[in-house]
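Visitor: I have a model on my screen and would like to learn how to read it. Please take me through it feature by feature.

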Amino acid sequence: MIMQNLRSTLPPMGPLIAFEAAARHENFTRAAEELNLSQAAVSQQIRNLERALGTALFLRTHRKVRLSPEGRRFQHTIAAALRQIAVAAAELRARPARASLTVAADQSIAALWLLPRLPRFHARHGDIAVRLVASDEERDSLAAGVDIAIIHGAGAWPGFASTLFFGESIFPVCSQDYLARRGPIGAAAELPSHALLEFEDARWDWMNWRNWLSNTGVDLPAQTGTFRINSYPLLIEAAKNGQGVALGWDRLVDDAIASGALVRPVAESVETDAGYHFVWSEARALPDAASAFRDWAAAELSAAPQP
């Protein structure tokens, strides 16, 4: 509640600064000299502060002033608060100017592809401060504050420009432990008898097991022992842990395949017209920092060997 009403509850900054100096010196004249004000001005600011707080902060005698008990307690808090403000301001002034960049991506590519590679972007572009928005809601990726987004789709977003980052190729993946327990999978036709890990997503254009098997000429029975989860990164973790076979998206599972955490049990894959795209608003030119990010990401993709 206090944070919502700072303007109405906080005294003005000027009297607080005058009080801090006067309390530290316990002398209005020295405080005035430090602040380059008249002694009368300091005295008036402190009286205004006392009036606003409804209590005397100083005990005044003919020749000197000293803090009241209330003033002493107030000094402890105000001195620390003003010191923190001064330090924070000094840090901002000392910090070299950096370009800011807000990148948005869905949870899958953010966790499985982008985040492990971001240190290399920071190393090359240390002058760019990155803010990452990871959300499976497309409206979050297309929000006004986003400079560039990496979005899955067919490449058409009204009011936005886009370029293809990489196309969509989808294939089964599982762990070696799973195959050791269940035996090898000779062909896609054998997959319906296995533990299929299903990504449960509201988007109609995200491939599921029924669609994938249909594309390879295999019918999935109406009732299967699939395990469903609404997080693709967690689904891939489940596959790594030997809980079943998941659909792997090319590029998103490359690292897991390269490390041996996942393998492709069958050779079949399905390509679609969708893919991941760089997307940005047509209302303004792509910022230089966003262009640098797009070029870096494209170079990272080109340099990565296909598993």
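Visitor: Where does Gly217 lie?

Guide: Gly217 sits in the loop between helix 9 (209-215) and strand 8. Helices (H or I, at least four residues) and strands (E, at least two) are DSSP runs, numbered from the N terminus. This is a predicted model: local features need pLDDT of at least 70, side-chain atom pairs count only at pLDDT 80 or more, and totals for chains, interfaces and linings use all residues. Residues are numbered from 1 along each chain as its sequence is written, and side-chain values use heavy atoms, with hydrogens and water left out.

Visitor: Is Gly217 buried or exposed?

Guide: Buried means under 20% relative accessible area, exposed over 50%, and partly exposed in between (1.4 Å probe, protein chains only). Gly217 has 66% relative accessibility, so it counts as exposed. The C-alpha atoms of Gly217 and Ala188 are separated by 8.7 Å, and the two residues are 29 apart along the chain.

Visitor: What domains does the assignment give?

Guide: Domain bounds come from an automatic or database domain assignment. Here it gives domain 1 (6-93), domain 2 (99-166 + 274-303) and domain 3 (168-273). The C-alpha centres of domain 2 and domain 3 lie 26 Å apart.

Visitor: How many residues of domain 2 are in contact with domain 3?

Guide: Contact means heavy atoms within 4.5 Å. By that rule, 16 residues of domain 2 are in contact with 14 residues of domain 3.

Visitor: Which residues have the most contacts inside the largest nonpolar core?

Guide: A nonpolar core is a set of buried Ala, Val, Leu, Ile, Met, Phe, Trp, Tyr and Cys residues joined through side-chain atoms within 4.5 Å. The largest one has 64 residues, and Phe165, Trp212 and Phe293 have the most contacts inside it. This core draws at least three residues from each of domain 2 and domain 3. A second, separate core has 17 residues, including Ala31, Val65, Ile78 and Leu82.

Visitor: What is Trp212 in contact with?

Guide: Leave aside its neighbours within four places in sequence. Trp212 is then in contact with Ile170, Phe171, Pro172, Ala188, Leu191, Met207, Leu247, Glu268, Ser269 and Val270.

Visitor: At what angle do helix 2 and helix 4 pack?

Guide: Axes are lines fitted to C-alpha atoms, for helices over the stretch in contact, and angles run from 0 to 180 degrees between N-to-C directions. Helix 2 (residues 13-25) and helix 4 (residues 39-53) pack at about 110°, with their axes 9 Å apart. Angles under 35 degrees count as roughly parallel, over 145 as roughly antiparallel, 65 to 115 as roughly perpendicular and the rest as oblique. Helix 2 and helix 4 are therefore roughly perpendicular to each other.

Visitor: Which residues of helix 2 meet helix 4?

Guide: Gly14, Pro15, Leu16, Ala18, Phe19 and Ala22 in helix 2 meet Gln45, Ile46 and Leu49 in helix 4. Ala, Val, Leu, Ile, Met, Phe, Trp, Tyr, Cys and Pro count as nonpolar, Asp, Glu, Lys and Arg as charged, and the others, Gly among them, as polar. The residues of this contact divide into seven nonpolar, two polar and no charged.

Visitor: How do the axes of helix 6 and helix 10 cross?

Guide: The axes of helix 6 (residues 107-124) and helix 10 (residues 232-240) come within 8 Å and cross at roughly 50°. That makes helix 6 oblique to helix 10. Gln107, Ser108, Ala111 and Leu112 in helix 6 meet Tyr232, Pro233 and Ile236 in helix 10.

Visitor: What do the buried residues of helix 10 pack against?

Guide: They pack against helix 6, strand 6 (160-173), strand 7 (196-199), strand 8 and strand 9 (245-249). The buried residues of helix 10 are Tyr232, Pro233, Leu235, Ile236, Ala238 and Ala239. Just after helix 10, Gly242 takes a positive phi of about 80°.

Visitor: What is phi of Glu26?

Guide: Most residues other than glycine have a negative phi. Phi of Glu26 is near 45°, a positive value in a residue other than glycine. Glu26 lies in the loop between helix 2 and helix 3 (28-35). Its relative accessible area is 29%, so Glu26 is partly exposed.

Visitor: Where is the place of Asn36?

Guide: Asn36 is in the loop between helix 3 and helix 4. Phi of Asn36 is near 60°, again a positive value in a residue other than glycine. At 71% relative accessibility, Asn36 counts as exposed.
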